[in-house]
Amino acid sequence: MKNTDVLIIGGSAAGMVAALTGKSSYPDKDFTVIKKQKDVMVPCGIPYIFGTLDSSALNIMPVDNMMGKAGVNSLVGEVVSIDIKAKSAKLADGETISYEKLVLATGSLPVLPSWLKGGHKENVFTIPKDKVYLDEMKEKLAGCKRVVVIGAGFIGVEFSDEFAQSGHEVVLVEKLPNILGLAFDVELSDRIASLLIERGVQIRTGSGVTEIVGESKVEGVKLDNGEVVAADAVILAMGYKPNVKLAIESGIYVDEGGFIAVDEYMRTHVPDVFAIGDCAQKRDFVTRRRVPTMLASTACAEARIAGMNLFQLETVKTFSGTIAIYATAIGKTGFGTAGLTEATAKAENIDVLTGLFEGMDRHPGTLPKTQKQVVKLIAARNSGVIIGGEVIGGLSAGELTNVIGMIIQNRMTVNSLLITQIGTHPLLTASPAAYPLIKAAEIIDKKMRAR
C-alpha cells in the first residue's frame with residue numbers, strides 16, 4: 001500500500017491547482033494527483049482543436065511538468081473505490097493508496113439525453129474532455145460536410161464557428177429564443193448571433209430537437225416544429241452533469257441536483273474529504289441559489305480555497321459563490337458576461353437599473369484594429385450595487401469582463417465606480433473621457449437620481 005498526506009482524484013485544472021496551492025501552503029506534506037489519462041486537455045481549448053489549433057496535441061495542459069517542479073506526485077490510473085473509514089482509495093490495477101486528506105476533482109461528463117431518439121447513431125458526438133475520443137471524432141468529422149450543433153451555449157457557439165471556418169456547412173439549433181440566452185440579455189445576444197451568421201453559421205432558435213434521423217448513421221435532425229435539417233454529423237452541446245459515481249458509491253453526500261455537497265471551505269460532509277470543480281455544489285454569488293455552473297475559472301478558485309484550507313482553516317479564505325464569469329471570441333470580436341443578466345435578476349424579483357454604453361475600445365477611433373465596444377451594467381436599484389455586466393468588443397473584452405467580475409465580488413456600487421481612477425492609453429484602452437464601465441455607471445446614476 002502506498003501512502004500520501006493528500007490524495008487528489010482528478011488531474012484537470014481543479015486537481016492541478018489544488019495540488020499546487022496545497023503544496024505551496026503546506027510544503028512539508030506529500031501530495032499525490034491521480035489522473036485517468038496521461039495527456040490532460042485544456043478544457044476551454046477543446047473547440048479549437050477542430051480548427052484554429054488543428055490538433056489535440058497543441059491543447060495539452062502541462063500537468064506533469066508543473067507537478068514535477070512543485071514536488072507533487074502525478075500518477076496515471078483510475079480510482080474505482082474509496083474507503084472513507086479506512087482513508088484509502090483502490091485503483092483499477094489493484095493498488096491501494098492511503099491518505100490523510102482527500103480532494104475529489106472528478107469533473108463532469110457530457111449529457112446525452114435519454115429522451116433524444118437516435119442519440120446513439122453513428123456520427124453523433126458529445127464533447128468529453130478525452131483526448132482519444134476527440135481525436136477519433138476529429139478524424140470522422142473530416143469526411144462530413146453538413147454539421148448540426150445542438151445547444152447554443154458557449155461551447156456550442158465556439159464549435160459552430162470553428163466548423164464554419166473549417167469549411168463545414170453548420171446549423172446551430174437552440175430551444176431558447178436566443179443563443180447564449182442564459183448568459184446575455186437579448187440586445188447583446190442578437191449582436192453575437194448576427195456575427196455568427198456573417199461567418200457562415202445558420203441559426204435555428206426557438207426550436208427543440210425531437211429525433212436524430214437515419215438508419216444506423218446520421219442523416220438529419222428533426223425539430224419539434226416538424227422541420228428536418230439534413231446532417232452528416234451531429235454535435236451534442238447540451239451541457240454536462242457532475243461525475244459523482246465514485247462519491248455516491250463511497251457514501252459521500254450528493255445533493256438533489258447531483259453535486260457533491262460542500263461548505264465555503266470546499267469540505268464535504270465527510271471529515272477530511274474536500275470536493276472542487278464541476279463535481280462540487282455551487283451557489284450563485286448574488287442570489288445564493290444552488291446553480292449548475294461549470295467553469296474552469298470557478299473550479300480553479302475553489303481549488304485554491306481547498307488547497308489553502310486542507311490542514312488549517314484560513315477564515316478569510318472562503319468561496320462565497322460563483323459569479324459565473326464567461327468570455328470567448330468569434331474572430332476578432334470578444335464578448336463576456338459576469339454575474340446576473342437583467343432577465344435573470346428580474347426573474348429573481350430583484351429591482352434593477354441598467355446602463356448600456358457603446359463606444360470604441362481604442363482612442364482615437366481611427367487607430368488600426370479599433371473596434372466598437374458595448375458594455376451593459378446591471379445594478380440593484382435601491383443600493384446601487386453592481387450585480388452583473390456584459391461586454392462585446394475587441395479581444396480586450398475578456399479582461400474587461402474580469403474587471404466586472406471583481407467589481408461584483410467586491411460589491412462595488414455605481415457611486416464607487418464613478419469615482420474609480422483608471423489608466424488609459426490610445427493603443428490599449430478606450431478613452432478616459434468615454435471609458436465604458438464608467439459611462440455605463442453614469443447612465444445608471446442618472447436613472448437613480450431621476451426617481
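User: What makes the contact between the side chains of E342 and K346 a salt bridge?

Analyst: First, a caution: this is a predicted model. The N to O distance for E342 and K346 is 2.9 Å. The cut-off is 4 Å between a Lys or Arg side-chain nitrogen and an Asp or Glu carboxyl oxygen, so the pair qualifies. E342 and K346 sit 4 residues apart in helix α8 (residues 342-347), so about one helical turn separates them. Salt bridges with shared partners also join D185, E187, E342, K346 and K376 into one network.

User: Why is E342 called buried?

Analyst: Its relative accessibility is 17%. Buried means under 20%, so E342 counts as buried.

User: How many salt bridges does the rule give?

Analyst: The count is 28. One of them pairs D64 with K35.

User: How do you know that D64 and K35 form a salt bridge?

Analyst: Their closest N and O atoms are 3.3 Å apart. The limit is 4 Å, so the pair counts. D64 lies in helix α2 (residues 63-70) and K35 in strand β2, so the bridge ties together parts 29 residues apart in sequence.

User: Are D64 and K35 buried or partly exposed?

Analyst: D64 has a relative accessible area of 32%. That falls between 20% and 50%, so D64 is partly exposed. K35 is at 2%. That is under 20%, so K35 is buried.

User: What makes R288 and E264 a salt bridge?

Analyst: The closest N and O atoms are 3.9 Å apart. The value is within 4 Å, so the label applies. R288 is in the loop between β19 (273-275) and α7 (296-308), and E264 is in the loop between α6 (245-250) and β19, so the pair ties together parts 24 residues apart in sequence. R288 is partly exposed at 33% relative accessibility. E264 is partly exposed as well, at 38%.

User: How many disulfides are there by the distance rule?

Analyst: The count is 0. Take C279 as a test case: its sulfur is 13 Å from the closest cysteine sulfur, in C300. The cut-off is 2.5 Å, so that pair is too far apart for a bond. C279 is buried, with 0% relative accessibility. C144 is buried too, at 6%.

User: Which residues have the most contacts inside the largest nonpolar core?

Analyst: They are L104, I260, M266 and I276, in a core of 52 residues. L104 is in contact with I9, I82, A247, I252, I260, V273, F274, A275, I276 and C279, leaving aside neighbours within four places in sequence. Another core lies apart from that one, with 37 residues, among them I127, M137, F163 and V374. In soluble globular proteins, nonpolar side chains tend to be buried together.

User: How do you know that strands β1 and β8 pair?

Analyst: Pairing takes at least two bridges, and 7 join β1 (residues 2-9) to β8 (residues 96-104), so they pair. The two strands run parallel. I9 stands opposite L104 in β8.

User: What joins β1 to β2?

Analyst: 4 bridges join them, and the strands run parallel. L7 stands opposite T32 in β2. The chain crosses from β1 through helix α1 (residues 13-25) to β2, a right-handed β-α-β crossover.

User: Why is F154 called buried?

Analyst: Its relative accessible area is 13%. The threshold is under 20%, so F154 is buried. F154 belongs to helix α4 (residues 154-165). Beyond residues up to four places away in sequence, F154 touches L180, A183, F184, Y326, A327, T328, F335 and T337. The C-alpha atoms of F154 and G239 are 10.0 Å apart, across 85 residues of chain.

How values were computed. Residues numbered from 1 in each chain as written. Predicted model: local features only at pLDDT ≥ 70, side-chain atom pairs only at ≥ 80, totals over all residues. Heavy atoms only, no water. Right-handed = clockwise from strand over helix to strand, strands pointing away. Buried < 20%, exposed > 50% of the residue type's maximum accessible area, 1.4 Å probe, protein only. Core = buried A, V, L, I, M, F, W, Y, C linked by side-chain atoms within 4.5 Å. Contact = heavy atoms within 4.5 Å.
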